[in-house]
Structures are given as C-alpha cells and as structure tokens.
Amino acid sequence: MIRYLLDRLVQSAAVLLVMSLVIYALIGLMPGDPVDLMISADPKITSADAARLRALYGLDRPLVARYASWLQAALVGDFGYSRLYARPALDALWPALVSTTVLVGLSFLLALMIALPAGVWAARHPDGPADRTINVLCFAGISTPPFWLAILLILLFAVWLGWLPAGGVPTRAGAGWADYARHMALPVATLTLLNVGAYLRFMRASMLETLRQDYIRTAEAKGAGTARVLLRHALRNALIPVVTVVALGFGGLFSGALITEKMFAWPGMGNLIFDSIMGNDYNLALVALLFATLLTLVGNLLADLGYAWLDPRISYTRSEK
Amino acid sequence: MSAVPAGIAAVDGDGFLGRFARRPLAVGSAVLLAVLAALALLAPLIARLAGIDPNEVDLLSRFEPPSAAHWLGTDEIGRDVLMRLLLGGQVSLFVGLSAALASALIGTAIGLAAGYWGGRPDALLMRLTDGVIALPLLPLLIVLAAVDLKKLGLPAGLADSEAVSLYRIVAIIALVGWTTVARLVRGAALSVRTRDFVLAAVGQGAGPLRIMAVHILPNVASPIIVATTLSVGNVILLESVLSFLGLGIQPPLPSWGAMLTNAQELVTSAPWLAIWPGLLIFVTVIACNLLGDGLQDALDPRASE
C-alpha cells in the first residue's frame, strides 16, 4: 500500500512538472507580452526602451532558459508577482481558493444529498413513471449549458422576481451571514443543478447492479426487511463505484466552476484563472493552473484510496493492473 | 462476445432496430436531430427564399420583438435572430460532429496500439491517457483557444480567418477528448487479443493491422458508437462555452454560444435574445445524450436487462 502510494505520488509530481512546462510554453504563445502592455500604457516608450525592458525582464532569453529560472524559483516557493493584483501570486491565489472551496463544497454536498437518496429510490423502482422522469431530469441537468442556466436563474430570481442579487459578494462592512447567503444562493443552485444529474445516474446504475446480486436475494430470503437490505447490505457495495467517480470529478469541480463564477462575479479560482490568462498575468495564471491540476490529481488519489477503504478485496500491494 | 458485431448481426427480427424502436425518447431525439440538421444545412437557402441576409446590420431595427418579417425578432445590431440561429446550428453541429469523430479516431488508434501490443507501449500510452484526464479541462481549453497562431508562424491573414477559428476549436477539443474511446478500445483489444479466433488468425499469418481492423474493431464498434454519440453533445456544450467566452467561433460567423456572449447585459432589455440560443444548445445536447443512451441499451441488451 505504502509502495503504491509513493508510486502514485511520484507519478503525480511528474504530471505536475510536465504540465508546468506545457502551460509555460502555451502562455508564451498568447498574444502580447508584459512589455507590450507597458507600451500600450505609455506611448512615450521607444523601441529601444522596449528592447531594454525585455532584456531587463529576461524576455529576450529562449523559452527553456526562462522556464528553468521560473522552476528554480518555484521549487523554493517563489511564484513571482501577480501583475493584475500587484502582490505575490500565491497571496492573490489563497482568497480565491477559499471562496471557490465554499461555493464548490456547498453545492457538492447539496448535490450528493439529493443524488444519493434519489438514486437509491430510483433503483428500487426502476422503469416506473417517477424513475423515467428522474432519468430525463438528470439528462436535462447534464445537457444544460452552464452560462445559460445562470442566465435563466438571474432572469427569474434577480430580474423578474427580484428576490436575490444577480451576482457579486457583499461589499459593505459588517455584512452578515444572511447577506452572504443571499449572494451565494444562485451560484450554489447553478452548480448543484449542473452536477446532481451525473451523480444521481451513477448512484442509480450502481444500486441497480448491486440489487441484482445473489447475496441480496439471500438477505431477502432470510427475511431481512427492505430497509435493512438496502442500507446494510446493498448501499456499501453500491457506493464503491460512486465514490470513485465522484472523487475523480471533485478536483475538476474547482476549475469547472469557472463559468458559474464568471456569470455571478464570484471571486473564486475560475474567475482568477480566466482573468489572469486574459490579462497576460503569467505568474498568476501559471500558479493557478498548476493548483487546479494539483487538485485534480489529489482527487484521483483520494478516489483510489477511497476505493481501497470501501472494498477490502482490492489490494494495491501486487504490481498494479 | 462473438467476432460478429452485435449491432449489425442483430438487425433482423427483434434485434437492434426493434429494441431501438421501443425507446420513444431515443427515437424522438434522432428525429429531432435530423430535423435540426436539415434546417441548419438548408439555412442559406431558407435565408434566400425569405429574402433575409443573416449578416445584414440594420441599426434602425435593433431589439425588435418577434414580427411577421422577423419571426424571432432582431438582435443588438438588427440582424434576424431566427436566420442566425439556423446558421449557428450549422456551425455547432459541424464542430460537434467533426470534433467527436476526430476524438474517436485518435482514441481508437491509441487504444488499439496500447491494447494490441500491451507491455511497455501500453503502460506509456495509458500514463499519457491518465495524464490528460488529470488536466483541468476548461482552463486548459481556454489557454489553448487563446494561443496566438501568429506566434506559431501562421500568416496573419490566415490566423485570424473565420475558417481557422472553426477548425482550431475542432482540433483543440479533439486533442483532449479522445481519452474515453482510447480506454474503451484498449480494454476490448486486451480481452480479444488472447482469444482463440485471434490466435488462429495470427497463426494463419495475419498482420497486426488486419487483426486490429477485422477482429478487434468490430468487437468494439458498439461502445465506440455510443461514446461518440454522447461526445457530440459534450463537444457542442464545450464549443458553446468557449464561444460564449469569446474564445471559440469568431464573429461574424454565428454560433449559439457566441450569440449569448452579451446575453448577460441583455437579460433586462431583450430577454428572448438570451433564451433562444441557449434553448437550442440545450435541446441539441440533450437529444444527443438521450440518443446515445438509447443506442447503448439497444446495442448492448445485456447492460439493461
């Protein structure tokens, strides 16, 4: 187990390293560079000045050399300065990470609280009218363009009904929890609606599969009640693939919330990544994208560990696969 | 599992078509997609017959409500919304189909190579697949879409052209979208490779390409078809997101996602402009998903019954 874990950690570190190089190269290919921005801000800069500035910032050096010095600094925790936020890139990242965690975490819990019981229920009554309705609703959730759902919710609750703010966070000093919750309601609802369908379908499919097993029939034949069979015998096994899929997707939620955050002007990771990419904020974009990758990798690792924990038959000591 | 593709062998009697026909949602989705595709393909003809130029700017008739001349009204610079929706359908369906097919091709090639040769190539290719899956998809797509092709040496006129904005989004999505098919094909190739009929074919001197094409591919045709149908919907969704962010299809080429770019400002002044393009994306994507789901059940009856 320990060996396997170490193996996976090394592998994840390798993915991160490759990813950092790829992002570094890609960002270099985006229109404009920091000096271009200075030129557009100050028309008095001559081309000689621009060349001097490029040399000063090392922008005239080849890509690999620039990447090497970035990596050297990054390895000791120096990710440079954010141009947009005018502070160290990591300092700009933390608050965004916190607000995304609140948003994503809350909608994740909400989605699970709806999806798990509903999925179990649907699996108990397969192909009934309710199950079919749930199925179509799940597909509807999966198929909705996130920005459109956000627009519809804004239209309904902010424009027509006027119940909730259309976006942003409370800016007044001393804004209470209630105000914070009012601003969060629509983004959380959007993310929950977008994710609940996939979870529900996994839960239903897995439960359906489990209920077909012989040991469930044995438990029923013994005279165990429906609730006991469902909760004690079936649920644990049925949860194994669900945990895997959900954990695999968890890291992706942080960057997947990008559109929702943008639509509701929520100051999270997604908005930060988008703004930094669009604003040529190399340092911030790099560290934010790497962080998003790291979160996905951690999600994958947790999925594997959760799998082993829920299913004692799985052993990682032998060579994998 | 037999060497004969399940879907084709079972067409007669109560086979694939019979099972498919018993799924009203899937049949309805197929019909709907066919109608949408026909309307989109005929869009230029319809526009000419109706005498409406979908790219004609008319600043005197901005934000017009639906009328006899403009059935769905006009947009922020006076263009006919219905015609632009139809033309946008052309773009969205083209991107959806071609990117899904390209993903399927890449995925099949990688999956076949990994599953057939096994060992080191397999380990390497599957590490690559795992790596791609671990990437934060949306931010990465944004970075790829923002790359300045001029810095890659493309002439400026070509780099900013409409056609390039169209093909580049297909390429970007195919580049990250092949993983599902690759895993499916690899798994099937691994399991089929050691079976007697394949060993017999190898013994008769069949080369790797022939084994892959004749013996392995037919066995994975159904899951590939299902995965590709489902991915058409996904691709349309991704394209709409990128175009919505202003990074996908470039104006004046219409695309459903791009038509919603300003929708947030429009919700108060012209809500219908914010509703129609999104509704079409939604309907198309859900139809692809329901069709894929129905195909899955019809192609692989063991999975459902």
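**The interface between two domains of chain A**

**View 1. The area buried between the domains.** Domain 1 of chain A and domain 2 of chain A bury about 2300 Å² between them, with 70% of it on carbon and sulfur atoms, where buried area is the accessible area (1.4 Å probe) that two parts lose on being put together, summed over both. Within domain 1 of chain A, A:Leu16, A:Ile27 and A:Ala89 lose the most area to domain 2 of chain A, together 21% of what that side buries. This is a predicted model, in which local features need pLDDT of at least 70 and side-chain atom pairs count only at pLDDT 80 or more, while totals for chains, interfaces and linings use all residues. Residues are numbered from 1 along each chain as its sequence is written, and side-chain values use heavy atoms, with hydrogens and water left out.

View 2. Chain A is divided into domain 1 (2-89) and domain 2 (93-310), with bounds from an automatic or database domain assignment. Their centres, taken over C-alpha atoms, are separated by 33 Å, and 27 residues of domain 1 are in contact with 23 residues of domain 2 (heavy atoms within 4.5 Å).

**View 3. The side of domain 1 that touches domain 2.** Helix H1 (2-28), helix H2 (34-41) and strand E1 (81-82) of chain A are the elements that give two or more residues to this side, helices (H or I, at least four residues) and strands (E, at least two) being DSSP runs numbered from the N terminus. The largest share, 12 residues, comes from H1(A).

Note on methods. Chains are lettered from A and ligands numbered from 1 in the order in which they are written.
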